Amino acid sequence: MAMGFGGAAGGGVPSTSSVPVSDDMGFFSDTVHYNPSDLSTWLDSMLTELNTPPPPPPPPPAPSQRSSVLSCFDPAESSTVTFDPNPISPDPSRERKRMRTGSGSGSCSSSSSSSLSRGGATGAGSEPVNPAPVGASVAPIVVVDPQEAGIRLVHALMACAEAVQQDNLKAADALVKQISILASSQGGAMRKVATYFGEALARRIYRVRPAIGSAAADSSTFDSSFADILYMHFYETCPYLKFAHFTANQAILEAFAGYKRVHVIDFGIKQGMQWPALLQALALRPGGPPSFRLTGIGPDHPENSDSLHQVGMKLAQFAHSIQIDFKYRVLVANSLAELKPYLLEEESSSAAGEPPVAVAVNSVCELHQLLARSGELDKVFETIHKLKPKIITVVEQEASHNNGSFSDRFTESLHYYSTMFDSLESSATSPAGDPAGAGADQDQLMSELYLGRQICNIVSCEGSDRTERHETLLMWRTRFSQAGFEPVHLGSNAFKQASTLLALFAGGDGYRVEEKDGCLTLGWHTRPLIATSAWRIATSA
(Lines give C-alpha, C1' and ligand atoms only; values in the text may rest on other atoms or scores of the structure.)
Protein backbone atom coordinates (compact mmCIF):
# COMPACT_ATOMS: atom_id res chain seq x y z
CA MET A 1 0.00 0.00 0.00
CA ALA A 2 1.55 3.25 -1.07
CA MET A 3 2.40 5.90 1.44
CA GLY A 4 0.81 9.30 0.98
CA PHE A 5 3.81 11.45 0.13
CA GLY A 6 1.71 14.52 -0.63
CA GLY A 7 2.39 17.38 1.70
CA ALA A 8 2.69 21.09 2.07
CA ALA A 9 5.54 23.44 2.45
CA GLY A 10 5.58 25.62 5.48
CA GLY A 11 2.01 26.52 6.23
CA GLY A 12 0.53 24.49 3.39
CA VAL A 13 -2.02 21.77 3.80
CA PRO A 14 -0.82 18.23 3.10
CA SER A 15 -2.24 17.04 -0.18
CA THR A 16 -4.79 14.31 0.34
CA SER A 17 -7.37 12.67 -1.82
CA SER A 18 -10.76 11.77 -0.54
CA VAL A 19 -11.79 8.19 -1.22
CA PRO A 20 -15.38 8.08 -2.46
CA VAL A 21 -17.54 5.23 -1.33
CA SER A 22 -21.14 4.21 -1.81
CA ASP A 23 -24.01 6.03 -0.13
CA ASP A 24 -25.34 4.15 2.88
CA MET A 25 -27.98 6.62 4.01
CA GLY A 26 -30.73 5.02 1.95
CA PHE A 27 -30.41 1.85 4.02
CA PHE A 28 -32.43 3.25 6.90
CA SER A 29 -36.10 2.36 7.08
CA ASP A 30 -38.77 4.98 7.58
CA THR A 31 -39.87 3.08 10.69
CA VAL A 32 -36.64 4.00 12.50
CA HIS A 33 -37.57 7.18 14.33
CA TYR A 34 -34.17 8.19 15.67
CA ASN A 35 -31.94 10.21 13.38
CA PRO A 36 -29.43 7.71 11.93
CA SER A 37 -27.06 10.53 10.97
CA ASP A 38 -26.70 11.54 14.61
CA LEU A 39 -26.64 8.28 16.55
CA SER A 40 -24.60 9.76 19.40
CA THR A 41 -27.20 12.47 20.14
CA TRP A 42 -30.02 9.94 20.05
CA LEU A 43 -28.05 7.63 22.32
CA ASP A 44 -27.37 10.48 24.73
CA SER A 45 -31.07 11.29 25.00
CA MET A 46 -31.84 7.59 25.48
CA LEU A 47 -29.36 7.22 28.35
CA THR A 48 -30.68 10.39 29.98
CA GLU A 49 -34.17 8.92 30.08
CA LEU A 50 -33.09 5.67 31.72
CA ASN A 51 -34.49 6.56 35.15
CA THR A 52 -36.06 3.21 35.86
CA PRO A 53 -34.20 -0.04 36.39
CA PRO A 54 -34.13 -2.48 33.48
CA PRO A 55 -36.68 -5.32 33.40
CA PRO A 56 -35.69 -8.47 35.31
CA PRO A 57 -33.68 -10.88 33.19
CA PRO A 58 -35.17 -14.20 32.12
CA PRO A 59 -34.13 -17.42 33.88
CA PRO A 60 -30.64 -18.56 32.94
CA PRO A 61 -30.48 -20.98 30.01
CA ALA A 62 -29.53 -24.58 30.34
CA PRO A 63 -25.79 -25.28 30.34
CA SER A 64 -26.01 -26.70 26.84
CA GLN A 65 -27.30 -23.35 25.59
CA ARG A 66 -24.63 -21.14 27.17
CA SER A 67 -22.00 -21.44 24.47
CA SER A 68 -24.40 -20.79 21.60
CA VAL A 69 -24.23 -17.03 22.08
CA LEU A 70 -20.61 -17.01 20.99
CA SER A 71 -21.70 -17.91 17.48
CA CYS A 72 -23.63 -14.63 17.43
CA PHE A 73 -20.38 -12.73 17.98
CA ASP A 74 -17.84 -14.98 16.29
CA PRO A 75 -15.43 -12.71 14.34
CA ALA A 76 -15.62 -15.12 11.41
CA GLU A 77 -19.39 -14.91 11.20
CA SER A 78 -20.56 -11.82 13.06
CA SER A 79 -21.93 -8.73 11.41
CA THR A 80 -18.78 -6.88 12.41
CA VAL A 81 -16.83 -8.63 9.66
CA THR A 82 -19.12 -10.38 7.19
CA PHE A 83 -22.43 -8.66 7.80
CA ASP A 84 -24.76 -7.50 5.05
CA PRO A 85 -24.62 -3.70 5.53
CA ASN A 86 -28.26 -3.36 4.43
CA PRO A 87 -30.80 -3.86 7.20
CA ILE A 88 -33.82 -5.97 6.38
CA SER A 89 -35.91 -4.07 3.85
CA PRO A 90 -39.41 -3.27 5.05
CA ASP A 91 -42.43 -4.60 3.18
CA PRO A 92 -44.59 -1.54 2.36
CA SER A 93 -47.76 -3.59 2.73
CA ARG A 94 -47.00 -4.54 6.31
CA GLU A 95 -46.53 -2.50 9.45
CA ARG A 96 -44.19 -4.98 11.12
CA LYS A 97 -40.81 -6.44 10.27
CA ARG A 98 -39.92 -10.09 10.59
CA MET A 99 -36.46 -11.16 11.60
CA ARG A 100 -35.63 -14.84 11.31
CA THR A 101 -32.80 -16.13 13.46
CA GLY A 102 -30.33 -18.62 12.10
CA SER A 103 -30.43 -22.24 13.09
CA GLY A 104 -27.27 -21.80 15.13
CA SER A 105 -28.73 -19.10 17.38
CA GLY A 106 -31.94 -20.60 18.62
CA SER A 107 -30.98 -20.14 22.24
CA CYS A 108 -30.28 -16.46 21.58
CA SER A 109 -33.78 -16.00 20.22
CA SER A 110 -35.36 -17.79 23.15
CA SER A 111 -33.65 -15.59 25.71
CA SER A 112 -34.41 -12.40 23.84
CA SER A 113 -38.06 -13.27 23.30
CA SER A 114 -38.51 -14.03 26.95
CA SER A 115 -36.92 -10.74 27.98
CA LEU A 116 -39.01 -8.74 25.54
CA SER A 117 -42.25 -10.24 26.84
CA ARG A 118 -41.24 -9.41 30.43
CA GLY A 119 -40.20 -5.84 29.61
CA GLY A 120 -43.61 -4.23 30.11
CA ALA A 121 -46.09 -3.07 27.46
CA THR A 122 -45.45 -4.43 24.01
CA GLY A 123 -45.20 -1.85 21.22
CA ALA A 124 -47.65 -1.79 18.39
CA GLY A 125 -45.04 -3.17 16.06
CA SER A 126 -43.79 -6.04 18.22
CA GLU A 127 -45.28 -9.36 19.12
CA PRO A 128 -44.12 -11.68 21.95
CA VAL A 129 -43.17 -15.13 20.80
CA ASN A 130 -42.95 -18.16 23.09
CA PRO A 131 -39.46 -19.64 23.14
CA ALA A 132 -38.99 -22.83 21.22
CA PRO A 133 -38.12 -25.91 23.28
CA VAL A 134 -34.50 -26.96 23.35
CA GLY A 135 -33.75 -29.19 20.41
CA ALA A 136 -36.57 -27.86 18.25
CA SER A 137 -35.73 -28.16 14.57
CA VAL A 138 -37.44 -24.92 13.54
CA ALA A 139 -35.95 -21.60 14.68
CA PRO A 140 -38.46 -19.18 16.26
CA ILE A 141 -39.77 -16.13 14.44
CA VAL A 142 -39.33 -12.85 16.31
CA VAL A 143 -41.33 -9.84 15.19
CA VAL A 144 -39.43 -6.64 15.96
CA ASP A 145 -40.30 -2.99 15.52
CA PRO A 146 -37.02 -1.16 14.83
CA GLN A 147 -37.80 1.82 17.06
CA GLU A 148 -38.75 -0.32 20.03
CA ALA A 149 -35.82 -2.63 19.35
CA GLY A 150 -33.45 0.35 19.38
CA ILE A 151 -34.76 1.46 22.76
CA ARG A 152 -34.55 -2.06 24.16
CA LEU A 153 -31.08 -2.45 22.69
CA VAL A 154 -29.73 0.53 24.66
CA HIS A 155 -31.46 -0.78 27.81
CA ALA A 156 -29.95 -4.23 27.25
CA LEU A 157 -26.43 -2.90 26.69
CA MET A 158 -26.50 -0.78 29.85
CA ALA A 159 -28.15 -3.51 31.93
CA CYS A 160 -25.61 -6.07 30.74
CA ALA A 161 -22.71 -3.79 31.68
CA GLU A 162 -24.25 -3.28 35.12
CA ALA A 163 -24.68 -7.03 35.55
CA VAL A 164 -21.05 -7.58 34.60
CA GLN A 165 -19.92 -5.01 37.14
CA GLN A 166 -21.96 -6.75 39.85
CA ASP A 167 -20.54 -10.12 38.72
CA ASN A 168 -24.09 -11.33 38.04
CA LEU A 169 -23.14 -13.65 35.19
CA LYS A 170 -26.57 -15.26 34.95
CA ALA A 171 -28.22 -11.94 34.17
CA ALA A 172 -25.35 -10.92 31.91
CA ASP A 173 -25.64 -14.20 30.01
CA ALA A 174 -29.31 -13.60 29.25
CA LEU A 175 -28.83 -9.95 28.35
CA VAL A 176 -25.93 -10.46 25.96
CA LYS A 177 -28.09 -12.88 23.97
CA GLN A 178 -30.85 -10.29 23.86
CA ILE A 179 -28.32 -7.76 22.51
CA SER A 180 -27.43 -10.00 19.57
CA ILE A 181 -31.07 -10.29 18.52
CA LEU A 182 -31.95 -6.62 18.94
CA ALA A 183 -28.79 -5.44 17.15
CA SER A 184 -29.74 -7.49 14.11
CA SER A 185 -32.91 -5.44 13.63
CA GLN A 186 -30.98 -2.17 13.37
CA GLY A 187 -29.11 -0.61 10.47
CA GLY A 188 -26.01 1.44 9.84
CA ALA A 189 -23.95 2.75 12.74
CA MET A 190 -26.42 1.57 15.38
CA ARG A 191 -26.08 -2.05 14.33
CA LYS A 192 -22.30 -1.92 14.04
CA VAL A 193 -21.69 -0.21 17.38
CA ALA A 194 -24.05 -2.54 19.25
CA THR A 195 -22.53 -5.61 17.64
CA TYR A 196 -18.99 -4.64 18.62
CA PHE A 197 -20.02 -3.85 22.18
CA GLY A 198 -22.08 -7.03 22.35
CA GLU A 199 -19.10 -9.08 21.17
CA ALA A 200 -16.85 -7.43 23.74
CA LEU A 201 -19.33 -8.15 26.53
CA ALA A 202 -19.62 -11.76 25.38
CA ARG A 203 -15.84 -12.16 25.49
CA ARG A 204 -15.76 -10.78 29.01
CA ILE A 205 -18.65 -12.91 30.24
CA TYR A 206 -17.67 -16.28 28.78
CA ARG A 207 -13.87 -15.93 28.75
CA VAL A 208 -13.75 -18.53 26.03
CA ARG A 209 -11.46 -16.72 23.63
CA PRO A 210 -8.55 -14.46 24.56
CA ALA A 211 -9.61 -10.84 24.34
CA ILE A 212 -8.07 -8.66 21.66
CA GLY A 213 -5.08 -6.92 23.18
CA SER A 214 -4.41 -9.75 25.62
CA ALA A 215 -0.94 -11.22 25.82
CA ALA A 216 -2.55 -14.59 25.13
CA ALA A 217 -4.16 -13.43 21.89
CA ASP A 218 -3.31 -15.41 18.77
CA SER A 219 -0.32 -13.60 17.32
CA SER A 220 -1.05 -14.96 13.86
CA THR A 221 -4.35 -13.07 13.84
CA PHE A 222 -3.76 -10.00 15.98
CA ASP A 223 -0.10 -9.19 15.46
CA SER A 224 1.52 -5.80 15.13
CA SER A 225 1.58 -5.99 11.33
CA PHE A 226 -2.17 -6.49 11.20
CA ALA A 227 -2.61 -3.55 13.57
CA ASP A 228 -0.53 -1.40 11.21
CA ILE A 229 -2.72 -2.45 8.26
CA LEU A 230 -5.87 -1.44 10.13
CA TYR A 231 -4.21 1.84 11.06
CA MET A 232 -3.52 2.61 7.40
CA HIS A 233 -7.11 1.90 6.40
CA PHE A 234 -8.35 4.17 9.19
CA TYR A 235 -5.93 6.84 7.94
CA GLU A 236 -7.48 6.67 4.46
CA THR A 237 -11.11 6.59 5.56
CA CYS A 238 -11.45 9.63 7.81
CA PRO A 239 -9.49 12.78 8.70
CA TYR A 240 -8.53 12.02 12.30
CA LEU A 241 -5.02 10.70 11.71
CA LYS A 242 -4.34 13.16 8.90
CA PHE A 243 -5.34 15.93 11.29
CA ALA A 244 -3.02 14.45 13.93
CA HIS A 245 -0.06 14.31 11.54
CA PHE A 246 -0.67 17.74 10.08
CA THR A 247 -1.02 19.59 13.38
CA ALA A 248 1.98 17.82 14.93
CA ASN A 249 4.10 18.56 11.84
CA GLN A 250 3.18 22.25 11.99
CA ALA A 251 4.39 22.48 15.58
CA ILE A 252 7.63 20.62 14.76
CA LEU A 253 8.25 22.79 11.69
CA GLU A 254 8.00 25.96 13.76
CA ALA A 255 10.28 24.53 16.47
CA PHE A 256 12.93 23.67 13.84
CA ALA A 257 13.10 27.20 12.43
CA GLY A 258 16.71 28.33 12.03
CA TYR A 259 18.32 24.96 12.82
CA LYS A 260 20.67 23.24 10.38
CA ARG A 261 20.49 19.83 12.06
CA VAL A 262 17.22 18.33 13.27
CA HIS A 263 16.30 15.01 14.84
CA VAL A 264 12.77 13.60 15.11
CA ILE A 265 12.10 10.72 17.49
CA ASP A 266 8.84 9.00 16.54
CA PHE A 267 7.40 6.89 19.36
CA GLY A 268 5.25 4.95 16.85
CA ILE A 269 6.68 4.95 13.34
CA LYS A 270 4.04 2.62 11.85
CA GLN A 271 4.36 3.01 8.05
CA GLY A 272 6.04 6.42 8.30
CA MET A 273 3.06 8.20 6.74
CA GLN A 274 3.53 11.34 8.83
CA TRP A 275 6.99 12.33 7.63
CA PRO A 276 6.95 12.91 3.84
CA ALA A 277 4.86 16.09 4.35
CA LEU A 278 7.34 17.44 6.92
CA LEU A 279 10.31 16.58 4.71
CA GLN A 280 8.72 18.41 1.80
CA ALA A 281 8.03 21.47 3.96
CA LEU A 282 11.64 21.51 5.18
CA ALA A 283 12.93 21.15 1.61
CA LEU A 284 11.20 24.41 0.64
CA ARG A 285 12.36 26.29 3.72
CA PRO A 286 14.13 29.60 3.01
CA GLY A 287 17.87 29.09 3.32
CA GLY A 288 17.71 25.43 2.36
CA PRO A 289 16.71 22.25 4.18
CA PRO A 290 18.44 21.02 7.34
CA SER A 291 20.16 17.70 7.82
CA PHE A 292 17.32 15.45 8.93
CA ARG A 293 17.61 12.45 11.20
CA LEU A 294 14.64 10.22 12.02
CA THR A 295 14.56 7.58 14.77
CA GLY A 296 11.60 5.27 14.27
CA ILE A 297 10.37 3.18 17.20
CA GLY A 298 8.03 0.24 16.82
CA PRO A 299 7.24 -3.24 18.14
CA ASP A 300 8.84 -6.39 16.86
CA HIS A 301 7.33 -7.86 13.68
CA PRO A 302 8.22 -11.58 13.87
CA GLU A 303 6.62 -12.32 10.51
CA ASN A 304 8.55 -9.51 8.79
CA SER A 305 11.62 -8.42 10.70
CA ASP A 306 12.62 -5.98 7.96
CA SER A 307 9.33 -4.06 7.87
CA LEU A 308 10.59 -1.08 9.90
CA HIS A 309 13.76 -0.91 7.80
CA GLN A 310 11.66 -0.94 4.64
CA VAL A 311 9.82 2.12 5.94
CA GLY A 312 13.15 3.87 6.31
CA MET A 313 14.23 2.92 2.79
CA LYS A 314 11.09 4.44 1.30
CA LEU A 315 11.53 7.62 3.30
CA ALA A 316 15.21 7.80 2.32
CA GLN A 317 14.30 7.53 -1.37
CA PHE A 318 11.76 10.32 -0.99
CA ALA A 319 14.23 12.54 0.92
CA HIS A 320 16.87 11.97 -1.78
CA SER A 321 14.37 13.00 -4.47
CA ILE A 322 13.91 16.40 -2.79
CA GLN A 323 17.61 16.75 -1.92
CA ILE A 324 17.49 16.43 1.86
CA ASP A 325 20.38 14.88 3.79
CA PHE A 326 18.50 12.06 5.54
CA LYS A 327 19.47 9.47 8.14
CA TYR A 328 17.21 6.83 9.59
CA ARG A 329 17.55 4.48 12.54
CA VAL A 330 15.19 1.82 13.88
CA LEU A 331 14.66 0.93 17.51
CA VAL A 332 12.55 -2.14 18.25
CA ALA A 333 10.73 -1.91 21.59
CA ASN A 334 7.50 -3.54 22.71
CA SER A 335 7.10 -0.77 25.31
CA LEU A 336 8.33 2.81 25.26
CA ALA A 337 9.40 2.30 28.87
CA GLU A 338 12.21 0.05 27.58
CA LEU A 339 13.93 2.99 25.87
CA LYS A 340 17.13 4.44 27.32
CA PRO A 341 18.30 7.99 26.60
CA TYR A 342 21.66 6.92 25.17
CA LEU A 343 19.84 4.92 22.47
CA LEU A 344 18.07 8.05 21.25
CA GLU A 345 20.77 10.69 21.46
CA GLU A 346 22.53 12.10 18.40
CA GLU A 347 26.02 10.57 18.24
CA SER A 348 27.77 13.81 17.26
CA SER A 349 25.49 16.19 19.14
CA SER A 350 28.33 17.39 21.35
CA ALA A 351 31.12 17.41 18.76
CA ALA A 352 33.14 20.62 18.68
CA GLY A 353 32.27 22.93 15.84
CA GLU A 354 29.07 21.09 14.95
CA PRO A 355 25.88 23.16 14.82
CA PRO A 356 23.36 22.35 17.55
CA VAL A 357 20.71 19.72 16.97
CA ALA A 358 17.02 20.51 17.47
CA VAL A 359 15.24 17.45 18.80
CA ALA A 360 11.50 16.78 18.52
CA VAL A 361 9.69 13.90 20.20
CA ASN A 362 6.46 12.81 18.50
CA SER A 363 3.76 10.52 19.89
CA VAL A 364 0.50 9.78 18.08
CA CYS A 365 -1.89 7.67 20.18
CA GLU A 366 0.95 5.91 22.00
CA LEU A 367 1.22 7.32 25.53
CA HIS A 368 -2.13 6.04 26.83
CA GLN A 369 -0.88 2.46 26.53
CA LEU A 370 1.77 3.19 29.17
CA LEU A 371 -0.95 3.71 31.78
CA ALA A 372 -1.62 -0.03 31.86
CA ARG A 373 1.50 -0.59 33.99
CA SER A 374 2.38 1.55 36.96
CA GLY A 375 5.45 3.72 36.56
CA GLU A 376 5.97 3.26 32.82
CA LEU A 377 4.81 6.74 31.85
CA ASP A 378 7.12 8.26 34.49
CA LYS A 379 10.07 6.38 32.95
CA VAL A 380 9.27 7.79 29.53
CA PHE A 381 8.97 11.31 30.95
CA GLU A 382 12.43 10.91 32.53
CA THR A 383 13.87 9.76 29.20
CA ILE A 384 12.35 12.76 27.40
CA HIS A 385 13.82 15.15 29.96
CA LYS A 386 17.31 13.76 29.35
CA LEU A 387 16.93 14.24 25.59
CA LYS A 388 16.20 17.98 26.09
CA PRO A 389 13.90 18.28 23.06
CA LYS A 390 12.81 21.59 21.61
CA ILE A 391 9.26 20.27 21.40
CA ILE A 392 7.14 17.22 22.28
CA THR A 393 4.04 16.71 20.12
CA VAL A 394 1.31 14.52 21.55
CA VAL A 395 -1.92 13.30 19.94
CA GLU A 396 -4.40 11.31 22.00
CA GLN A 397 -8.05 10.30 21.90
CA GLU A 398 -10.20 12.85 23.69
CA ALA A 399 -12.01 10.38 25.93
CA SER A 400 -12.12 9.13 29.51
CA HIS A 401 -11.68 5.36 29.38
CA ASN A 402 -9.30 4.95 32.30
CA ASN A 403 -11.28 6.04 35.36
CA GLY A 404 -14.38 5.07 37.29
CA SER A 405 -16.27 1.81 37.53
CA PHE A 406 -16.70 -0.64 34.68
CA SER A 407 -20.25 0.56 33.97
CA ASP A 408 -19.05 4.19 33.86
CA ARG A 409 -16.25 3.24 31.48
CA PHE A 410 -18.72 1.28 29.36
CA THR A 411 -21.13 4.22 29.15
CA GLU A 412 -18.38 6.69 28.23
CA SER A 413 -16.96 4.40 25.55
CA LEU A 414 -20.45 3.76 24.15
CA HIS A 415 -20.89 7.53 23.74
CA TYR A 416 -17.43 7.98 22.23
CA TYR A 417 -17.55 5.18 19.67
CA SER A 418 -21.15 5.92 18.70
CA THR A 419 -19.93 9.37 17.67
CA MET A 420 -16.90 7.92 15.90
CA PHE A 421 -19.04 5.45 13.91
CA ASP A 422 -21.43 8.30 13.05
CA SER A 423 -18.57 10.16 11.41
CA LEU A 424 -17.45 7.03 9.54
CA GLU A 425 -20.94 6.55 8.14
CA SER A 426 -20.95 10.14 6.93
CA SER A 427 -17.60 9.67 5.20
CA ALA A 428 -18.98 6.70 3.27
CA THR A 429 -20.97 8.75 0.75
CA SER A 430 -19.78 8.27 -2.83
CA PRO A 431 -21.93 8.23 -5.97
CA ALA A 432 -23.40 4.89 -6.94
CA GLY A 433 -21.27 3.01 -9.41
CA ASP A 434 -18.10 4.86 -8.51
CA PRO A 435 -15.18 2.59 -9.54
CA ALA A 436 -13.37 3.47 -6.32
CA GLY A 437 -16.33 2.26 -4.27
CA ALA A 438 -15.09 -1.30 -3.69
CA GLY A 439 -11.75 -0.16 -2.33
CA ALA A 440 -13.39 2.50 -0.22
CA ASP A 441 -15.83 -0.06 1.19
CA GLN A 442 -12.86 -2.15 2.25
CA ASP A 443 -11.26 0.91 3.85
CA GLN A 444 -14.40 1.54 5.85
CA LEU A 445 -14.81 -2.08 6.90
CA MET A 446 -11.20 -2.27 8.08
CA SER A 447 -11.57 1.10 9.83
CA GLU A 448 -14.55 -0.26 11.72
CA LEU A 449 -12.47 -3.27 12.72
CA TYR A 450 -9.71 -0.88 13.87
CA LEU A 451 -12.21 0.79 16.21
CA GLY A 452 -13.77 -2.54 17.12
CA ARG A 453 -10.48 -3.81 18.49
CA GLN A 454 -10.29 -0.77 20.75
CA ILE A 455 -13.85 -1.39 21.96
CA CYS A 456 -13.02 -5.01 22.69
CA ASN A 457 -9.94 -4.08 24.69
CA ILE A 458 -11.74 -1.41 26.71
CA VAL A 459 -14.72 -3.64 27.56
CA SER A 460 -13.35 -7.17 27.78
CA CYS A 461 -9.87 -6.68 29.26
CA GLU A 462 -8.60 -5.70 32.68
CA GLY A 463 -5.25 -5.17 34.36
CA SER A 464 -2.17 -4.83 32.19
CA ASP A 465 -4.03 -6.37 29.24
CA ARG A 466 -6.32 -3.31 29.05
CA THR A 467 -4.06 -0.98 27.09
CA GLU A 468 -6.67 1.35 25.53
CA ARG A 469 -6.66 3.69 28.53
CA HIS A 470 -7.63 6.93 26.85
CA GLU A 471 -7.69 10.11 28.90
CA THR A 472 -8.91 13.63 28.24
CA LEU A 473 -6.74 16.59 27.34
CA LEU A 474 -7.33 18.03 30.81
CA MET A 475 -5.89 14.90 32.41
CA TRP A 476 -2.87 14.87 30.08
CA ARG A 477 -2.26 18.52 30.89
CA THR A 478 -2.10 17.60 34.57
CA ARG A 479 0.28 14.69 33.93
CA PHE A 480 2.66 16.73 31.79
CA SER A 481 2.66 19.69 34.17
CA GLN A 482 3.44 17.46 37.14
CA ALA A 483 6.29 15.88 35.14
CA GLY A 484 7.98 19.24 34.54
CA PHE A 485 6.67 20.25 31.11
CA GLU A 486 4.85 23.36 29.98
CA PRO A 487 2.46 23.75 27.02
CA VAL A 488 3.43 25.21 23.66
CA HIS A 489 0.51 26.98 22.00
CA LEU A 490 -0.32 25.72 18.54
CA GLY A 491 -0.55 28.67 16.15
CA SER A 492 -3.71 30.13 14.65
CA ASN A 493 -2.32 29.26 11.22
CA ALA A 494 -2.49 25.56 12.09
CA PHE A 495 -6.11 26.03 13.18
CA LYS A 496 -7.16 27.69 9.93
CA GLN A 497 -5.43 25.19 7.69
CA ALA A 498 -6.61 22.19 9.69
CA SER A 499 -10.14 23.46 9.10
CA THR A 500 -9.40 23.68 5.37
CA LEU A 501 -8.14 20.10 5.42
CA LEU A 502 -11.60 18.86 6.45
CA ALA A 503 -13.16 20.22 3.26
CA LEU A 504 -11.44 17.40 1.39
CA PHE A 505 -13.56 14.79 3.17
CA ALA A 506 -17.12 13.73 2.56
CA GLY A 507 -19.28 14.81 5.45
CA GLY A 508 -16.80 17.56 6.22
CA ASP A 509 -19.57 19.83 7.47
CA GLY A 510 -19.93 17.58 10.51
CA TYR A 511 -16.29 17.82 11.57
CA ARG A 512 -15.28 20.56 13.97
CA VAL A 513 -11.80 21.90 14.75
CA GLU A 514 -11.61 23.76 18.04
CA GLU A 515 -8.84 25.56 19.88
CA LYS A 516 -8.70 24.76 23.59
CA ASP A 517 -6.06 26.42 25.77
CA GLY A 518 -3.50 26.39 22.99
CA CYS A 519 -4.33 22.84 21.87
CA LEU A 520 -6.38 21.72 18.88
CA THR A 521 -9.18 19.16 18.87
CA LEU A 522 -11.04 17.51 16.02
CA GLY A 523 -14.52 16.22 16.67
CA TRP A 524 -17.80 15.27 15.11
CA HIS A 525 -20.49 17.93 15.59
CA THR A 526 -20.25 18.96 19.25
CA ARG A 527 -18.05 16.14 20.58
CA PRO A 528 -14.22 16.35 20.40
CA LEU A 529 -12.71 12.97 19.50
CA ILE A 530 -8.97 13.55 19.13
CA ALA A 531 -6.63 16.22 20.54
CA THR A 532 -3.19 17.54 19.60
CA SER A 533 -1.00 19.26 22.17
CA ALA A 534 2.61 20.42 22.20
CA TRP A 535 5.00 20.61 25.15
CA ARG A 536 8.52 21.61 26.12
CA ILE A 537 10.61 21.29 29.24
CA ALA A 538 9.45 23.93 31.71
CA THR A 539 11.90 26.76 32.25
CA SER A 540 11.67 26.20 36.01
CA ALA A 541 12.35 22.46 35.71
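Reader: Is threonine 237 buried or exposed, and what is its relative accessible area?

Author: The model is a predicted one. Residues count as buried under 20% relative accessible area. Threonine 237, which lies in helix H9 (residues 224-237), is therefore classed as buried, with a relative accessible area of 12%.

Reader: With which side chain does the side chain of threonine 237 make a polar contact?

Author: Apart from residues up to four places away in sequence, threonine 237 touches Leu424, Ser427, Asp443, Gln444, Ser447 and Phe505. Its side chain reaches the backbone oxygen of aspartate 443 at 3.1 Å. The side-chain partner, at 2.7 Å, is serine 447.

Reader: What is the relative accessible area of threonine 383?

Author: Threonine 383 is found in helix H14. Leaving aside neighbours within four places in sequence, threonine 383 is in contact with Leu339, Lys340, Pro341 and Leu344. Threonine 383 is buried, its relative accessible area being 10%.

Reader: Why are the buried residues of helix H17 said to be on the same side of H17?

Author: The buried residues of helix H17 (residues 473-482) are Leu473, Trp476 and Phe480. They are on the same side of H17 because the arc they cover around the axis is only 60°.

Reader: Which exposed residues does the face of H17 turned away from its buried side carry?

Author: The buried residues of H17 pack against helix H14 (376-387) and against strands E7 (391-397), E8 (485-488), E9 (511-516), E10 (519-524) and E11 (527-537). The face turned away from the buried side of H17 carries the exposed residues Leu474 and Gln482.

Reader: Which residue just after H17 takes a positive phi?

Author: Helix H17 comprises residues 473-482. Just after H17, a positive phi of about 90° is taken by glycine 484.

Reader: Which residues does phenylalanine 292 touch, not counting residues up to four places away in sequence?

Author: Of the 104 residues in the largest nonpolar core, Leu157, Phe197, Leu201, Tyr240, Val264, Phe292 and Phe410 touch the most other members. With residues up to four places away in sequence not counted, phenylalanine 292 touches Val262, Val264, Leu278, Leu279, Leu282, Ile324, Asp325, Phe326 and Lys327.

Reader: How many residues are in the other core that lies apart from the largest nonpolar core?

Author: The largest nonpolar core has 104 residues. Apart from it lies another core, with Val357, Leu387, Trp476 and Trp535 among its members. Trp476 is also one of the buried residues of H17. The number of residues in this other core is 25.

Note on methods: Residues are numbered from 1 along each chain as its sequence is written. This is a predicted model: local features need pLDDT of at least 70, side-chain atom pairs count only at pLDDT 80 or more; totals for chains, interfaces and linings use all residues. Side-chain values use heavy atoms; hydrogens and water are left out. A nonpolar core is a set of buried Ala, Val, Leu, Ile, Met, Phe, Trp, Tyr and Cys residues joined through side-chain atoms within 4.5 Å. Buried means under 20% relative accessible area, exposed over 50%, partly exposed in between (1.4 Å probe, protein chains only). Contact means heavy atoms within 4.5 Å. Helices (H or I, at least four residues) and strands (E, at least two) are DSSP runs, numbered from the N terminus. The arc is that of the directions from the helix axis to the C-beta atoms. A polar contact is a pair of N or O atoms within 3.5 Å; within protein, one must be able to donate a hydrogen and the other to accept it, and residues adjacent in sequence count only if both atoms are side-chain atoms.
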